[in-house]
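Please examine the sequence and the structure shown below. The paragraphs that follow lead from a pair of helices to the nonpolar cores and then to individual residues.

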Amino acid sequence: GVCRASGADAPGGGGGDPVGSGACADEHQALVQKIQASAACQAAEDCTAYVAPALQAESGNCAGIFYVSSAAKANIEALDAARSACLGETDGAGGSCALGPTLPACVEGVCGASAP
């Protein structure tokens with residue numbers, strides 16, 4: 001028997017959810033996990049904003065803004081590029097608002113947005 005991905009051959013299917021269980025899910029998860037694992041800091045200077053519009057759901061804001069360790073940013077960018085290349089994205093699509101990052105802060109050892 002041939003093992004077939006469920007749903008991929010359903011009529012009208014394939015265009016529903018580009019992430020999660022479909023193609024490029026590994027790249028997507030690698031990026032999300034790297035971002036989530038890269039928020040440790042000692043001071044605000046250790047942190048930087050990283051905007052990944054396609055990760056709106058994971059970021060908890062409409063623009064896909066994360067606050068991460070500056071030291072990890074290059075790794076995150078590489079994983080983001082791999083994910084985009086896998087999906088064939090070229091324009092960083094996904095964000096749905098004009099929200100911009102604020103100055104990063106280090107709150108209890110975790111990078112985040114500074115208080116307004």
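**Helix packing, cores and selected residues**

In α1, the residues Glu 27, His 28, Ala 30, Leu 31, Lys 34 and Ile 35 meet Asn 75, Ile 76, Leu 79, Asp 80, Ala 82, Arg 83 and Cys 86 of α3; contact here means heavy atoms within 4.5 Å. Helices (H or I, at least four residues) and strands (E, at least two) are DSSP runs, numbered from the N terminus. The model is predicted: local features need pLDDT of at least 70, side-chain atom pairs count only at pLDDT 80 or more, and totals for chains, interfaces and linings use all residues. Residues are numbered from 1 along each chain as its sequence is written, and side-chain values use heavy atoms, with hydrogens and water left out.

Two packed helices are described by the angle between their axes and the distance between the axes. For α1 and helix α3 (residues 73-87), the angle is about 160° and the axes are 9 Å apart. The axes are lines fitted to C-alpha atoms, for helices over the stretch in contact, and angles run from 0 to 180 degrees between N-to-C directions. The helix α1 is therefore roughly antiparallel to α3, a description given to angles over 145 degrees, whereas those under 35 count as roughly parallel, 65 to 115 as roughly perpendicular and the rest as oblique. The crossing of α1 and α3 is left-handed; that is, the near helix is turned anticlockwise from the far one by less than a right angle, clockwise being right-handed.

The wider chain can now be placed around this pair. It contains three helices and four strands, and from the N terminus on its elements follow the order α-β-α-β-α-β-β. Of the contacts with a separation of 6 or more, 64% are between residues 24 or more positions apart. Of the 116 residues in the chain, 28% are buried, where buried means under 20% relative accessible area, exposed over 50%, and partly exposed in between (1.4 Å probe, protein chains only). The chain exposes about 6900 Å², of which carbon and sulfur atoms supply 54%; these areas come from the Shrake-Rupley method with a 1.4 Å probe, and for residues only the protein chains shown count as cover.

In soluble globular proteins, nonpolar side chains tend to be buried together. A nonpolar core is a set of buried Ala, Val, Leu, Ile, Met, Phe, Trp, Tyr and Cys residues joined through side-chain atoms within 4.5 Å. The largest one in this chain has ten residues: Leu 31, Val 32, Ile 35, Tyr 50, Ala 52, Leu 55, Phe 66, Val 68, Ala 72 and Ile 76. Two or more of its residues come from each of α1 and β2 (65-69), and α1 gives the most, with three. Apart from this core lies another, of seven residues, among them Cys 41, Cys 47, Ala 49 and Ala 63. Leaving aside residues up to four places away in sequence, Val 68 touches Ile 35, Ser 38, Ala 39, Asp 46, Cys 47, Thr 48, Tyr 50, Ile 76 and Cys 111.

Strand β4 holds Val 110, whose C-alpha atom is separated by 8.3 Å from that of Val 68, 42 residues apart along the chain. Val 110 is partly exposed because its relative accessible area is 41%. Beyond residues up to four places away in sequence, Val 110 touches Ala 39, Cys 41 and Ala 105.

The loop between α1 (25-36) and β1 (47-51) includes Ala 44. At a relative accessible area of 30%, Ala 44 is partly exposed. Its contacts, not counting residues up to four places away in sequence, are Pro 104, Ala 105 and Cys 106. The C-alpha atoms of Ala 44 and Pro 104 are separated by 6.1 Å, although these residues are 60 residues apart along the chain. Ala 37 also has its place in the loop between α1 and β1, and counts as exposed because its relative accessibility is 65%.

Which residue of α3 is Arg 83: buried or exposed? Arg 83, found in helix α3, counts as buried because its relative accessibility is 3%. The C-alpha atoms of Arg 83 and Asp 26, 57 residues apart along the chain, are separated by 8.5 Å.

Backbone angles complete the picture. Most residues other than glycine have a negative phi, and most peptide bonds are trans. Cys 24, in the segment before α1, has a positive phi near 70° and is buried, with a relative accessible area of 9%. Glu 108, in the loop between β3 (104-107) and β4 (110-113), has a positive phi of about 50° and counts as exposed at 81% relative accessibility.
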